[in-house]
Amino acid sequence: ENDERHKKYFSGKDEAECLEKAAAYVEKIRRIVGNITPDSTIPEILREKLSRDFKKNYINEPGYAASLGTIRSIETGLLGMIPIREIDEEQMDLYLQSLTSYSNHMIQRIYQMLRMAFEIAKERHIIKKNIMTNWDLRCPKSEKRDRKIRGLREDEQQKLVHYLQNYEPPYGRTNHCLQLLLELYT
């Protein structure tokens with residue numbers, strides 16, 4: 001792990017007993033660390049973290065599903081299959097540059113997840129240095145303009161409700177008035 005050798009000795013009556021003790025020790029370490037190994041990728045680390053948070057009720061089902069969607073978009077990118085310990089600043093910079101076609105909201109979600117994955121990897125001693133703390137690897141900005149979204153004013157809502165209550169669709173067309181009213185009132 002981390003190109004460092006750690007020695008652990010086991011003693012017993014015979015070789016089989018020593019191997020049993022070694023296997024038990026490895027299993028104990030694996031339970032402490034979870035499924036995260038030195039060869040884990042960013043998506044694997046994030047899935048493990050989210051799974052633990054979901055089981056402990058830190059995140060709810062919709063948040064968990066949205067986060068899994070963000071992980072899938074990381075997985076399909078340039079860094080999805082590379083072990084986290086092999087990722088350098090240049091690769092990360094290229095990946096961050098490739099995100100500019102996404103919306104600013106999606107870029108921020110991906111960037112936060114990347115920072116979290118590297119922080120976990122540093123805590124677990126998979127990497128020595130968290131490259132995401134480098135000042136040059138800042139969160140990119142989208143090439144798309146942010147859309148300004150506003151809700152309906154009260155008088156606009158009343159007009160819409162009045163129109164929908166009196167609307168008669170043409171023959172053979174589906175009437176979506178109830179769906180629109182339900183969306184408006186929820």
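**Walking through the chain**

Mentor: Read along the sequence, the pattern is α-α-α-α-α-α-α. Keep in mind that this is a predicted model.

Trainee: How many helices and strands does the chain have?
Mentor: Seven helices and zero strands.

Trainee: What does the C-alpha trace span along its principal axes?
Mentor: About 90 × 40 × 30 Å.

Trainee: And what share of the residues is buried?
Mentor: Buried residues make up 27% of the 186. The chain exposes about 14,200 Å². Carbon and sulfur atoms supply 51% of that area.

Trainee: What about contacts between residues at least 6 apart in sequence?
Mentor: Of those, 63% join residues at least 24 apart.

Trainee: Let's talk helix packing. How do α2 and α5 cross?
Mentor: Helix α2 covers residues 42-55 and helix α5 covers 104-123. Their axes come within 9 Å and cross at roughly 85°. An angle of 65 to 115 degrees counts as roughly perpendicular, and α2 and α5 are therefore roughly perpendicular to each other.

Trainee: Which residues make that contact?
Mentor: From α2, Ile42, Ile45, Leu46, Lys49 and Leu50. From α5, Met113, Leu114, Met116, Ala117, Phe118, Ile120 and Ala121.

Trainee: How far is Glu44 from Gly80?
Mentor: They are 36 residues apart in sequence. In space, C-alpha to C-alpha, Glu44 and Gly80 are 9.3 Å apart.

Trainee: Where is Asn57?
Mentor: In the loop between α2 and α3. Asn57 is exposed, because its relative accessible area is 67% and the cut-off for exposed is over 50%.

Trainee: And what is phi at His125?
Mentor: Phi of His125 is near 65°, again positive in a residue other than glycine. His125 lies in the loop between α5 and α6. His125 is exposed, with a relative accessible area of 51%.

Trainee: Next, Pro169. Where is that one?
Mentor: Pro169 lies in the loop between α6 and α7. Pro169 is partly exposed at 22% relative accessible area. Buried would need under 20%.

Trainee: What is Pro169 in contact with, leaving aside neighbours within four places in sequence?
Mentor: Thr174 and Asn175.

Trainee: Last one. Which helix holds Gln179?
Mentor: Helix α7, residues 177-185. Gln179 is partly exposed, with a relative accessible area of 47%.

Trainee: How far is Gln179 from Gly63?
Mentor: Their C-alpha atoms are separated by 25 Å. Along the chain, Gln179 and Gly63 are 116 residues apart.

Definitions and conventions: Residues numbered from 1 in each chain as written. Predicted model: local features only at pLDDT ≥ 70, side-chain atom pairs only at ≥ 80, totals over all residues. Heavy atoms only, no water. Helix = DSSP H or I, 4+ residues; strand = E, 2+ residues; numbered from the N terminus. Buried < 20%, exposed > 50% of the residue type's maximum accessible area, 1.4 Å probe, protein only. Axes fitted to C-alpha atoms, helices over the stretch in contact; angles between N-to-C directions. Parallel < 35°, antiparallel > 145°, perpendicular 65-115°, else oblique. Contact = heavy atoms within 4.5 Å. Areas by Shrake-Rupley, 256 points an atom, 1.4 Å probe, with all protein chains shown as cover.
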